[in-house]
Amino acid sequence: MKEKFYITTPIYYPSSKLTIGNCYTTIIADTIARFKKKQGKDVFYMTGTDEHGQKIFEAAKKSGKDVKQHLDDIVLDTQNLWKMLNVNYDKFIRTTDNDHVLAVKKIFNKLYEKGYIYKSTYKGLYCLPCESFWTQSQLIDGKCPDCGREVHEQEEEAYFFKLSEFSNKLLKLYKDNPEFLLPSSRVNEMVNNFIKPGLEDLCVSRTSVKWGISVDFDQKHTIYVWIDALSNYITGLGYLSENDSMFKKYWPADLHLIGKDIVRFHAIIWPAILMALDLPLPKQIFGHGWLLLGGDKLSKSKKLNTVECTDPRILVPRYSADAVRYYLLREIPFGSDGNYSTEAFLNRYNSDLCNNFGNLVSRTFSMLKKYFNLIIPEAKQYGENEIALQNKALKEKENVIKYMEVYDVSKAITSIFNIFSEANTYIQLAQPWAVAKDENRQDELKAILRTLLECIRLGSEFLEPFMPEKAQKVLNALGIKNSEFEGLDNFTNLKSGQKVEDISILFPRLDVEKEINELAELC
Ligand code: ME8
C-alpha cells in the first residue's frame with residue numbers, strides 16, 4: 001500500500017480577489033504535492049476559502065452584492081486562478097459548505113461536553129461602528145486601529161476555550177518534536193512571545209458577529225472564526241460526519257503550509273484544540289516568509305504605492321503559468337521574506353527560462369534534427385567530458401531529493417537548473433558542431449547528443465512538479481510518460497532509435513524594457 005501524504009494550505013479570506021501572496025503558498029503546496037506523488041505517495045492536497053466573520057461580511061456589503069453572491073464570485077475567481085496556475089488540489093473546502101458547518105457545531109459541542117469550553121464574560125475595548133473588540137496593545141493612539149474612532153469598555157457574554165491549560169503540553173510538544181514547527185526560529189517566537197508570558201483562555205464566541213456558525217445549544221452566539229477556520233483541516237476529511245473514511249485514512253496532516261503571519265493560530269491554538277479533542281497532531285507546520293513589494297507585505301486590502309504588476313491574471317496569459325511558478329519558487333529563499341519585482345521576474349525569465357533551460361532544449365533538439373533526423377542515438381561509449389557531466393547531474397539529483405525532504409523548494413529548483421546550466425557549459429566544451437564535421441567521430445557525436453538528451457530528460461522529470469506544463473511538453477516529445485519518478489540513476493532511459501517530436505520554442509525571449517512599459521499600462 002502506498003504511504004499517505006496529506007498537505008494543506010491556509011484557507012484564504014475571500015474578502016476580495018486573492019493576491020500573488022496567496023498564490024505563493026498554493027504553488028509551493030502544489031509543487032510539494034506533485035513531488036510526493038511522483039515519489040509514489042498517496043497524496044491528498046486540500047485548499048479552500050475561509051468565508052465567515054465580520055470582516056468578510058463587511059467586505060461583501062461594500063461590494064454592493066448579496067454576501068453569498070460576493071463569496072461565490074470570489075471563489076469562482078480563486079478556482080479559475082488555481083486552474084490557470086496548474087494547481088492540482090484534491091479538495092477545495094468552503095467554510096460555508098453545509099457539511100463543514102455541521103461538523104464545526106459538533107466540534108464546539110464536543111469541546112463543551114469535555115469541559116474545555118465554558119461560559120463567562122468578555123471584557124474589552126469596543127468600537128461600536130466596527131463592532132469589534134480590541135486589546136489595549138492593538139489600539140493606535142488609543143483609538144480603533146480600523147477606523148480611528150473612540151473605543152469604550154464593554155462586556156459581552158461569551159464562551160471561552162481553556163487555552164491556559166495547554167502551556168506545558170505545548171512546550172513539551174515543541175521540545176519532543178523539534179520538527180513540528182519549522183523554520184525552528186518560529187518555535188522561539190511562540191515560546192518567548194506567547195507561551196512564556198502566559199496563555200490566557202481564548203474567547204471563542206461572539207454575540208455581536210452574525211455572519212458565522214452559531215453555537216448549537218446557544219444560538220445567539222457565533223463561533224469564533226479561527227475555530228471555524230482551523231477545523232477545516234479535519235472537517236474537509238469528513239471528521240464527525242457519517243463517512244469519515246478519508247479522515248481515518250489521511251489524518252494527521254503531514255504538512256500544514258502557512259505564512260508566518262498565522263503561525264500562532266496553527267502552532268498554539270490548533271494543537272490545543274486537537275489535544276482537547278483527543279486527536280493526533282499534524283506532523284509538521286511550516287511557516288514560510290512573505291513576498292514583499294517595495295519592502296511591504298502584499299495584502300488584499302492595502303493599496304501599495306508602487307507600479308509593480310503582481311496580478312497573476314495578467315502575468316500568466318502573457319508569460320505562462322510555469323514562468324510565474326518558477327519565479328515564486330526560485331526567487332524567495334524558502335522560510336525567509338523576499339521581494340517581488342517585475343524587473344527581477346522578467347530578468348529571471350530571460351536568464352533562467354529562456355537562456356538556460358529553453359536554450360538547452362532548443363539547441364539539443366535542433367542538433368538532433370540536423371545530425372540524426374530527430375532519432376535518439378545509441379551511445380556505444382562515453383568520453384571523459386560526458387561522464388563528468390553525468391556525474392554532476394547525478395549529484396544535483398541527490399541535492400533535489402535532499403532539499404525536497406525539507407521542503408526547500410527554492411534550493412531544489414536551483415539544483416535542477418544547475419543540471420541545465422552544466423549541460424549548456426558542456427556543449428561549449430564538447431563542440432558537437434566540430435565533431436559532426438568529422439566522419440570518424442560519429443560515435444562521439446552520438447554520445448554527446450545522448451548525454452544531452454538524458455540530462456534534459458532527468459532535469460525535466462524533476463521539473464514536472466515545479467513547472468508541469470513545459471516539463472511535460474519536453475517529456476512527451478522525448479516519449480517519456482512516467483507518473484512516478486523512474487530512471488533517476490542512469491542515462492539509459494530514452495529509447496534508442498525512437499524519433500522525438502520536434503519542439504517549438506519553450507520561452508520566447510523578452511525585451512525587458514518594453515515589457516515593463518506595457519505591464520505598467522495593464523496593471
Ligand atoms: O489568514 N507573502 O487568510 P488570508 C507570502 N483565512 N504569503 C502570503 C502573502 C505574502 N505577501 N500574503 C498572503 C487567512 N500570503 C486565514 C487563514 S487557515 C485555517 C485560515 C499567504 O487570505 C500566507 O500563506 O489572509 C498567509 O498565511 C495566507 O496567505 C493568509 O491568507
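**Overall build**

Tutor: Start with the radius of gyration. A compact globule of 523 residues would have one near 24 Å, and the protein chain has 27 Å, which agrees. Keep in mind that this is a predicted model.

Student: What does the C-alpha trace span along its principal axes?
Tutor: The spans are about 90 × 55 × 40 Å.

Student: How many helices and strands are there in the protein chain?
Tutor: There are 19 helices and 16 strands.

Student: And what percentage of the residues count as buried?
Tutor: Of the 523 residues, 56% are buried.

Student: Now contacts. Take residues at least 6 apart in sequence: what share of their contacts join residues at least 24 apart?
Tutor: That share is 78%.

Student: Switching to charges. How far apart are the mean positions of the positive and negative ones?
Tutor: They are 1 Å apart. The chain has 68 positive and 70 negative charges.

Student: OK, sheets. What is the strand order in the six-strand one?
Tutor: The order is β3-β2-β1-β12-β13-β7. The sheet is open, and the pairing is parallel.

Student: How many bridges pair β1 with β12?
Tutor: Two bridges, in the parallel sense. β1 covers residues 4–12 and β12 covers residues 255–259. Thr8 has His256 in β12 as its bridge partner.

Student: Which strands make up the three-strand sheet?
Tutor: In order, β9-β11-β10. This sheet is open too, with antiparallel pairing.

Student: What joins β10 to β11?
Tutor: Two bridges do, and the strands run antiparallel. Val215 has Asp218 in β11 as its bridge partner.

Student: Last topic: a helix. Which residues of α2 are buried?
Tutor: Gln54, Ile56, Ala59 and Ala60 are buried in α2, which spans residues 54–62.

Student: What do they pack against?
Tutor: The buried residues of α2 pack against α3 (67–84). Also look just after α2: Gly64 takes a positive phi of about 85°.

Technical notes:
Residues are numbered from 1 along each chain as its sequence is written. This is a predicted model: local features need pLDDT of at least 70, side-chain atom pairs count only at pLDDT 80 or more; totals for chains, interfaces and linings use all residues. Side-chain values use heavy atoms; hydrogens and water are left out. Helices (H or I, at least four residues) and strands (E, at least two) are DSSP runs, numbered from the N terminus. The radius of gyration is taken over C-alpha atoms; the globule rule is 2.2 Å times the number of residues to the power 0.38. Buried means under 20% relative accessible area, exposed over 50%, partly exposed in between (1.4 Å probe, protein chains only). Contact means heavy atoms within 4.5 Å. Lys and Arg count as positive and Asp and Glu as negative; His and the chain ends are not counted. The place of a charge is taken as NZ of Lys, CZ of Arg, CG of Asp or CD of Glu. Two strands pair if DSSP finds at least two bridges between them.
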